[in-house]
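Please read it alongside the model.

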Amino acid sequence: MVPAVPNRSLIGDAAYIASVIAQIDGPVILVGHSYGGAVITVAGIEDNVRALVYLSAYALEEGESLGELQGRFPDSPLAAGLVYKTFPVDGSDQPGTDVYVDVAKFPGIFAADVDPDLAKVLAVGQRPLAGVAFTEKATAAAWKTKPAWGSVAINDHTINPDVERFGYQRAGMTTIEIESSHLVMLSHPKEVTDLIRTAIAGS
């Protein structure tokens, strides 16, 4: 099952994923890529979650935001490639802000080792992340009570690889490093599949 993360707020997105998990009759291995790592960090406290797998992802501490974790390290090339657009917020006179990656810069930042034609499609089909998600603090850190595995994308231009390493090491994860762009599941599917299988076997 691959539920679509709403990308509206860390707390709201985690609550949505937790609601999906709670309706699954059986054990769950949660896999989160990029921002999805922050989401599974919070949602993963559900009773039937057996393990967490982080792919080029943020592993937050309880009480920490994405901005705070990322702020510990130099910016990646992503910072210079972002585009901001507003959207209406129900019940508020103030608009929200959606964050995109510049379509022309997307392949180099996100998908340097993905087929160029596919990268172009991904660039125009990207879903934005609401800016508020960068400032909300994690209300839980599931890796404190659940076993976790992580993959660092060595050639990641979206998240500084040291952000990934720091979060994984702090969580005591079993970690591998892959010569990959941010989209490791597309450019190195075998290594990702093997990591998930290892998490299943180990939990």
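Helix H1 (residues 10-22) packs against helix H2 (residues 35-43) at an angle of about 60 degrees. Their axes lie 8 Å apart. The model is predicted.

**Helix pair H1 and H2**

- The crossing of H1 and H2 is right-handed.
- H1 makes the contact through Leu10, Asp13, Ala14, Ile17, Ala18 and Ile21.
- H2 contributes Tyr35, Ala38, Val39, Val42 and Ala43 to this contact.
- By class, the H1 contact with H2 holds 10 nonpolar residues, no polar residues and 1 charged residue.
- Asp13 of H1 is among the contact residues, and Asp counts as charged.

**Sheet order and edges**

- An open sheet is formed by 3 strands, in the order S3-S4-S5.
- The pairing in this sheet is antiparallel.
- Strand S3 (82-87) and strand S5 (129-130) stand at the edges.
- Each of S3 and S5 has a single partner strand, so one side of each is left without a neighbour in the sheet.

**Pairing of S3 with S4**

- S3 and S4 pair in the antiparallel sense over 6 bridges.
- Phe87 has Gly96 of S4 as its bridge partner.

**Pairing of S4 with S5**

- Strand S4 (residues 96-101) pairs with S5 over 2 bridges, again in the antiparallel sense.
- Asp98 has its bridge partner in S5, at Ala130.
- Val99 is bridged to Leu129 of S5.

Notes. Residues are numbered from 1 along each chain as its sequence is written. This is a predicted model: local features need pLDDT of at least 70, side-chain atom pairs count only at pLDDT 80 or more; totals for chains, interfaces and linings use all residues. Side-chain values use heavy atoms; hydrogens and water are left out. Axes are lines fitted to C-alpha atoms, for helices over the stretch in contact, and angles run from 0 to 180 degrees between N-to-C directions. Helices (H or I, at least four residues) and strands (E, at least two) are DSSP runs, numbered from the N terminus. A crossing is left-handed if the near helix is turned anticlockwise from the far one by less than a right angle, and right-handed if clockwise. Contact means heavy atoms within 4.5 Å. Two strands pair if DSSP finds at least two bridges between them.
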